Amino acid sequence: MEINMRSQIGKNIRALRARRLVSQEDLAEATGVTAQAVSKWETGAANPDLMLLPKLAEYFDVTIDSLFHIRESDNMLPEDSASVLRQHADWWAGIEETDLTTVALPRYGFFTPTEDTLCLLGDIRGKNVLEIACGSGDSLVWMGKKGARELWGLDISSAQIKRADAALRKNGMNANLFVAPMELNPGLPHGHFDLVFSIYGLGWSMDLEKTVCHIAQYLRPGGKLVFSWDNPLMQCVISENGKYSFCRSYLEEEQIPISKHNDIFHLNNWKLSTYLNCLARHGFLVEQLVEESEYDEKEAAVFEEGRLYSAGRARFFNPAFIVKARRI
């Protein structure tokens, strides 16, 4: 009986960890044990101490009972989504700092007006802020310099979280940083945040409904969500032979493979209405939708073959959209 219990709880911890996309080292650090101890749990060689069960349950955002009996309704991702997200996390872990192309506040995206022009965020002073897909932490540093009271960040990549932590410490700032996919709650408090924001991150979600549902829970009533992402038309238009033309349907919302450094990623190319309707279903009132471009006219006159982000494209349609919404 003891061996069977070891085997079951070990399998469940391994499944919870895998679907939360965290390593044995991450789990060990969060629970105050060694990675070797976590390995023994998962192989059935040992059980976690009974005193650790509440901490494990809190870390995985499940009940203690779920550590012994996982249900599909628990805070976990379907295996197909988890597999894609693990691939994304592995890519970020391997990328070099010099290969990073950072889009961070006060910028919202490629060829978009900046926050200095748009003034979507308002006065940050004394606010509790959370960034979804915080990357290397540049936007959180910007928030800190604007006087935010609490800085929180969530990212799928432990490598990016380490970069963010280093950037914040370099600027004399502290933040609560979590390694987890945005589709799951890694232990973030409900009703705590005045502002949740995401600069070119939200569109990487594999489950928009879960992501927006969690964001709504994180925000206090009246709290704001501000996020930016590619115009869905960006993945539907190609530039070749001196002209721009459609290569896929805007309406089908298919999962699109994206090639980066010889690796293939997948993103769901949701329509703009899908984002807005999802926000409405989860108790948000959209206050502003920004579809504006800023570019140099001389650069826009030059056709750039195969270029995804270019002034030439921005002349015909905005490369990014920005949404400001309020939780009601």
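Predicted model: local features only at pLDDT ≥ 70, side-chain atom pairs only at ≥ 80, totals over all residues.
1. Partly exposed describes a residue whose relative accessible area falls between the buried class, under 20%, and the exposed class, over 50%. Arg 326, with a relative accessible area of 28%, is therefore partly exposed.

2. Arg 326 and Glu 287 form a salt bridge through their side chains, with an N to O distance of 2.6 Å. This pair links distant parts of the chain, since Arg 326 belongs to strand β11 (residues 320-327) and Glu 287 to strand β10 (residues 284-290), 39 residues apart. Glu 287, with a relative accessibility of 39%, counts as partly exposed. The pairing also belongs to a network of salt bridges that links Glu 287, Lys 324 and Arg 326.

3. Lys 224, located in strand β5 (residues 219-230), deserves a separate comment. This lysine is buried and yet has no salt bridge, and the nearest side chain of opposite charge, that of Glu 287, is 6.5 Å away. What the side chain of Lys 224 does reach is the backbone oxygen of Leu 121, at 2.7 Å.

4. Which residues surround Lys 224, once its neighbours within four places in sequence are left aside? The contacts include Leu 120, Leu 121 and Gly 122, then Asp 194, Leu 195 and Val 196, and also Leu 219, Lys 324, Ala 325 and Arg 326. Two of these residues, Lys 324 and Arg 326, are linked with Glu 287 in the network of salt bridges described above.

5. Because Glu 209 lies in helix α9 (residues 208-218) and Arg 281 in helix α10 (residues 272-281), the pair ties together parts that are 72 residues apart in sequence. Glu 209 counts as partly exposed at 31% relative accessibility, while Arg 281, at 52%, counts as exposed.

6. Asp 123 and Arg 125 also meet in a salt bridge between their side chains, at 2.8 Å from N to O. Asp 123 is partly exposed, having a relative accessible area of 41%, whereas Arg 125 counts as exposed at 60% relative accessibility. For the structure as a whole, the number of salt bridges is nine.

Methods. Residues numbered from 1 in each chain as written. Heavy atoms only, no water. Helix = DSSP H or I, 4+ residues; strand = E, 2+ residues; numbered from the N terminus. Buried < 20%, exposed > 50% of the residue type's maximum accessible area, 1.4 Å probe, protein only. Lys, Arg positive; Asp, Glu negative; His and termini not counted. Salt bridge = Lys/Arg side-chain N within 4 Å of Asp/Glu carboxyl O. Polar contact = N/O pair within 3.5 Å; in protein donor to acceptor, adjacent residues only side chain to side chain. Contact = heavy atoms within 4.5 Å.
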